[in-house]
Amino acid sequence: MSDTAKIRQVLVPIVGRPNVGKSTLFNRLIEEKRAITGSTPGLTRDRITGTITSDNGTVTLVDTAGFQPDHPAPSPGFILNQIETMVEEGEVILFVVDATTNISQLDREIVKKLRPVQERVVLVVNKVDPGRDLEVTAADYYELGLQHVVPLSAAHNRNLSELKEKIFELAPEVFAPPEKTGMRIALTGRPNVGKSTLFNSILGYDRVMVSEEPGTTRDVVDVAFSVDDKRYHLMDTVGIRRKSRVEEEVEEAAVMQTLRSLEGCDVACLMLDWNDRVNKQDQRLAGLIVDRYRGCMILVNKTDEADEKNEKNWRNHIAERLHFLKYAPVLFTSGKERRGLANIFATADAIYEQMNRRFEANQLHNAFLDLKQRITWPSSSSQDVILKQIRQVDINPVTFALEADNPSHLTASDLRHLRKLLRDQLDLKLAPIKLNIVERLDEESEE
Ligand SMILES: Nc1nc2c(ncn2[C@@H]2O[C@H](COP(=O)(O)OP(=O)(O)O)[C@@H](O)[C@H]2O)c(=O)[nH]1
Ligand SMILES: [Mg+2]
């Protein structure tokens, strides 16, 4: 990380061998509860990002264990490559070891990679369960030569506050983005889908008036412009910095960079390449967009290379592979030949309008009464869930607080069903919807 590059967000990856407790720690630290509000329905993977807030700001925690859900035990080579990527892409690194086992050879190799940047590394000695002395256990790890050591037990909620304090002590200051003028559109997608080409095409488009020089932060190029007097910001990710990476490293770096560009954007364009099929990496990036409740449109790009126009096939393929991203309209574009650009703005406008929609209490109440009559929960465990009240608590994303009996019985498929009905009832087809379902709505959930 260059010291001078401005950052707009602090990313804190959690790294370490399998089974040291990375995901347990992640789940303990993040404040967004996964059970009802946070989980991504329809995705067979754990969520990998969440935020922690203190008086000193907000940081984004990244659970790297969730990067490879198909590989519960990644190889040492993979883990070492991952450490290099995280040193480069993250600001503060949490390196987790297990106090109930010996320091392994792999731990020592990881430490070698972390020592040069140890001023922003925390060695987390996990599984120091009640009955074991925190300081004595930590002392066993000083031989590794890392200056910040925090002993704790994630499973027993022990000493987590010390880690939190440490994270904020080491986190760099973030640069405040310029005052918001118009909606922010981010171009996201795996390397080579054509993000930068489209970025340049949009800026060269004859209806676009660029009002200022592009600003560059650590990973994002950001430019303000207007189209027909409407103002926008467009963001591109900078891309891969280091040469000769293996495929997995490229993918992990892209995940980190996508997290950066999603922060502070309203509508993400998830770009796909007409010549490829939707793969795991596309699904993973789509999952990040859903996790962060961003507006989204899917751009199938490079249509100039299509020998036959079979958009219907592409739509079906997307509906299948990205079924958890139902609210994203699909557009066909060519950055190279400037096809479909006007449609991008029209679609972004429509999405943004829905993301910022405020419902009158009356209208919401009537829609809710209707929904209550019609709803039958898909899962048998939820038959005793009775919806009682609804209230809109936020926009961008549109957020509803719902009161219900036994809300913890709801499954992912119930939530998916509920969201779908709400979307239909409220004519919110293009926007993500965030739901907070609780047993009792309190006064604070009122606006
Ligand atoms: N045929 C075609 N090629 C494109 C298009 N957009 C980008 N490319 C090519 O795809 C490659 C990667 O493009 P780039 O914009 O750098 O992708 P990025 O990594 O997503 O920013 C380059 O060789 C571009 O010339 C397009 O719309 N059509
Ligand atoms: Mg690029």
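Two strands count as paired here if DSSP finds at least two bridges between them, and helices (H or I, at least four residues) and strands (E, at least two) are DSSP runs numbered from the N terminus. The model is a predicted one, so local features need pLDDT of at least 70 and side-chain atom pairs count only at pLDDT 80 or more, while totals for chains, interfaces and linings use all residues. Residues are numbered from 1 along each chain as its sequence is written, and chains are lettered from A and ligands numbered from 1 in the order in which they are written.

Strand E4 (residues 93-98) is a handy place to start. Strands of a sheet pair through backbone hydrogen bonds, either parallel or antiparallel. With strand E5 (residues 121-126), E4 pairs in the parallel sense, over six bridges, and Asp98 sits opposite Asn126 in E5. To get from E4 to E5, the chain passes through helix H4 (residues 105-114), making a right-handed β-α-β crossover (with the strands pointing away from the viewer, the path from the first strand over the helix to the second runs clockwise). E4 also runs parallel to strand E1 (residues 10-15), joined to it by two bridges; here Val15 faces Phe95 of E4. E4 is largely enclosed by the rest of the structure, because five of its six residues are buried. Buried means that 20 or more other C-beta atoms lie within 10 Å of a residue's own, exposed means 12 or fewer, and partly exposed is in between, with C-beta atoms placed from the backbone.

Helix H12 (residues 361-374) is another story: it is hardly covered, with one buried residue among its 14.

Now for the ligand. Ligand 1 is surrounded by 16 residues, and the closest are Gly194, Lys195, Ser196, Thr197 and Lys336; a residue is near a molecule if its C-beta atom, placed from the backbone, lies within 6 Å of it. Helix H7 (residues 195-204) supplies the largest share of this shell, three residues. By type, the shell has nine polar residues, five charged and two nonpolar. In this tally Ala, Val, Leu, Ile, Met, Phe, Trp, Tyr, Cys and Pro are nonpolar, Asp, Glu, Lys and Arg are charged, and the others, Gly among them, are polar.

Strands E15 (386-394) and E16 (398-405) belong to a three-stranded open sheet, ordered E15-E16-E17 with mixed pairing. E15 and strand E17 (433-438) are the edge strands, each pairing on one side only. E15 and E16 pair in the antiparallel sense over seven bridges, with Asp394 opposite Thr399 in E16. The loop between these two strands holds Pro397, which is joined to Asn396 by a cis peptide bond with omega of about 5 degrees.

Most residues other than glycine have a negative phi, and most peptide bonds are trans. Two residues have a positive phi without being glycine: for Asn159 phi is near 65 degrees, and for Lys302 about 70 degrees. Asn159 is in the loop between strand E6 (149-151) and helix H6 (160-170), and is partly exposed, with 18 other C-beta atoms within 10 Å. Lys302, in the loop between strand E13 (295-301) and helix H10 (311-321), is buried, with 25 such atoms within 10 Å.
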